Amino acid sequence: MHVLRRAQAADSGPIEYVLVPTSTLTPERRARIDGILDANPFLAELGALFEAAGHELAIVGGPVRDALLGRPGSDWDFSTSARPADIERIVGSWADAMWDVGREFGTIGLRKGHHDLEITTYRSDAYDLASRKPEVEFGDTIEGDLSRRDFAVNAMALRLPSAEFVDLFGGQDDLDDGLLRTPVTPEQSFSDDPLRMMRAARFVSQLGFSAAPDVVAAMTEMASRLEIVSAERVRDELNKLILGAHPVAGLRLLVDTGLAAQMLPELPALILERDEHHRHKDVYEHSLTVLEQAIALEGRLESAPDLVIRLAALLHDIGKPKTRRFAEGGTVTFHHHDVVGAKLAKKRMRALRYSNELIDQVAKLVELHLRFHGYGSGEWTDSAVRRYVRDAGDQLERLHILTRADSTTRNQKKALRLQRTYDELEARIAVLAEQEELSSIRPDLDGAQIMAILGIPPGPEVGEAYRFLLDLRMDRGPLSEADATEALKAFWAARS
């Protein structure tokens, strides 16, 4: 079999396409494909339906790539010569359910058993220079369809029901090399859909691959084209990158090519800053290290990978550029960068259209990531522990992870001391949690009792008294109703 490969002269002359020989599927990969087909007989059934109707059908993209890598998933993407109306007619009586997920883009969704499938008419997506929405043209051949896909590793197909393997652009070789190339020139591919530049970084993170030099060059040259892509699509790609197995590699690619400056400018801004505790290391490198160390601790959470802790780790120091100050002796300080960073995190995440819940969770962690260091070397009173738990709320476990991950010192004695101190804090929290309901600390008197004791109506004064009792609860722990009443009356008398 032969595939198309781009060839360029040493003098950087015009790129030409040449046919080069490539091997067919190895026995191991053929066995993987056959195993998937045997385990999912509905695939052959579906292929036979389209064949009987006079149309082509093939599994395309990620499912084929992942099958060859030995990591089959549960998502199935198909490409066909049939138009949307024909797809509905062919699968109408066969599918258990069917829905229109994007008819204008040629896609019909359906369910068969416990499988969700998407079948899309052969197509090519292209952006107008100033448009955020792709223009879709339907095609008639799988060759044309595959040529317009993002990367060669995603431009492989498996025809159904024949199980013929189609690899026109050397995707299998790229799998062997761990390389991301585009089927056509990267300039054309990224012009058709600028989001593909983000996908390159995402696949670096997910697959552990590297981007080909011409892909990196095109990303660098065309980074500004990302501005026409909607914030939601950029956000979704960023999430997939951050949740990948190698997010730091993907993030480095975004920064090195200038893409991060387009959608997450706070990250490259860290490169010129210096960490006040570890001045041999800039804050950018520190932040990437914190991200890696947080990922290593994700086993403490109920589910991993965890988007909240990864975003918080990445963004925890983004307040430093705005708070950098130079003191005598060459010392650099970043006072209040935690508070400033929380505000910046909210602003950036809103721009990327994150949910309010996720924004609040990440911002809280950024704002609290220095709280542990505010208590010295472990001189934690019960009151301090209660406030720490109350302020962290439902993010306490993530705060534990972020605080531990934020220690990147190369001084082993200091690292062990910080670890022991935090171990002691967690132990104190556990002890107090057994004695008190730390996760839901409330005053010892509720609003109705406050109004009855003080003889006041609902209003701001009740809130003032409530806050007094809450502070008292933090300082002294649980009080009896009688003691809380006495303290409230004394506070109110002094206030009056």
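**Reading the model**

Guide: Let us begin with one residue of this predicted model. Gln-361 counts as buried because its relative accessibility is 15%, and buried means under 20%.

Visitor: Where is Gln-361 found, and with which residues is Gln-361 in contact, leaving aside its neighbours within four places in sequence?

Guide: Gln-361 belongs to helix 17, which spans residues 356–368. With those sequence neighbours set aside, Gln-361 is in contact with Val-308, Gln-395 and Arg-398.

Visitor: How should I read a sheet?

Guide: Strands of a sheet pair through backbone hydrogen bonds, either parallel or antiparallel. Here, seven strands form an open sheet with mixed pairing, and their order is 5-6-7-4-3-10-11. Strand 5 (97–102) and strand 11 (165–167) each have a single partner strand, so one side of each is left without a neighbour in the sheet. On average, neighbouring strands of this sheet are turned by 30° against each other, direction ignored.

Visitor: In which sense do strand 10 and strand 11 pair, and which residue in strand 11 is the bridge partner of Met-156?

Guide: Strand 10, residues 156–160, pairs with strand 11 in the antiparallel sense over three bridges. The bridge partner of Met-156 is Asp-167 in strand 11.

Visitor: How does one look for empty space?

Guide: Rolling a probe the size of a water molecule over the atoms shows where empty space is left. In this structure, the largest pocket holds about 1600 Å³ of space. Its lining comprises 44 residues, and those nearest the centre of the pocket are Asp-77, Arg-123, Arg-149, Arg-199 and Arg-202. Among the elements that give two or more residues to this lining are helix 3 (62–68), strand 4 (76–80) and helix 10 (231–242).

Visitor: Which element supplies the largest share of the lining of the largest pocket, and how do the residues of that lining divide into nonpolar, polar and charged?

Guide: Helix 8 supplies the largest share, with seven residues. The lining of the largest pocket divides into 21 charged, 13 nonpolar and ten polar residues.

Visitor: How many cavities of 30 Å³ or more does a search of the whole structure find, and what is the volume of the largest cavity?

Guide: The search finds three such cavities, and the largest cavity has a volume of about 70 Å³. Residues that line the largest cavity include Ile-33, Leu-43, Trp-76 and Leu-158. Helix 1 (27–39) and helix 3 each supply at least two residues of this lining. By class, the lining of the largest cavity has ten nonpolar residues, no polar residues and no charged residues.

How values were computed:
Residues are numbered from 1 along each chain as its sequence is written. This is a predicted model: local features need pLDDT of at least 70, side-chain atom pairs count only at pLDDT 80 or more; totals for chains, interfaces and linings use all residues. Side-chain values use heavy atoms; hydrogens and water are left out. Two strands pair if DSSP finds at least two bridges between them. Helices (H or I, at least four residues) and strands (E, at least two) are DSSP runs, numbered from the N terminus. Axes are lines fitted to C-alpha atoms, for helices over the stretch in contact, and angles run from 0 to 180 degrees between N-to-C directions. On a 1 Å grid over the protein atoms alone, a cavity is a set of points where a 1.4 Å probe fits but cannot get out, and a pocket is an open set with protein on both sides within 12 Å along at least five of seven lines; lining residues have an atom within 4 Å of a point. Grid points are joined across faces, edges and corners, and a volume is the space filled by probe spheres set on the points. Ala, Val, Leu, Ile, Met, Phe, Trp, Tyr, Cys and Pro count as nonpolar, Asp, Glu, Lys and Arg as charged, and the others, Gly among them, as polar. Buried means under 20% relative accessible area, exposed over 50%, partly exposed in between (1.4 Å probe, protein chains only). Contact means heavy atoms within 4.5 Å.
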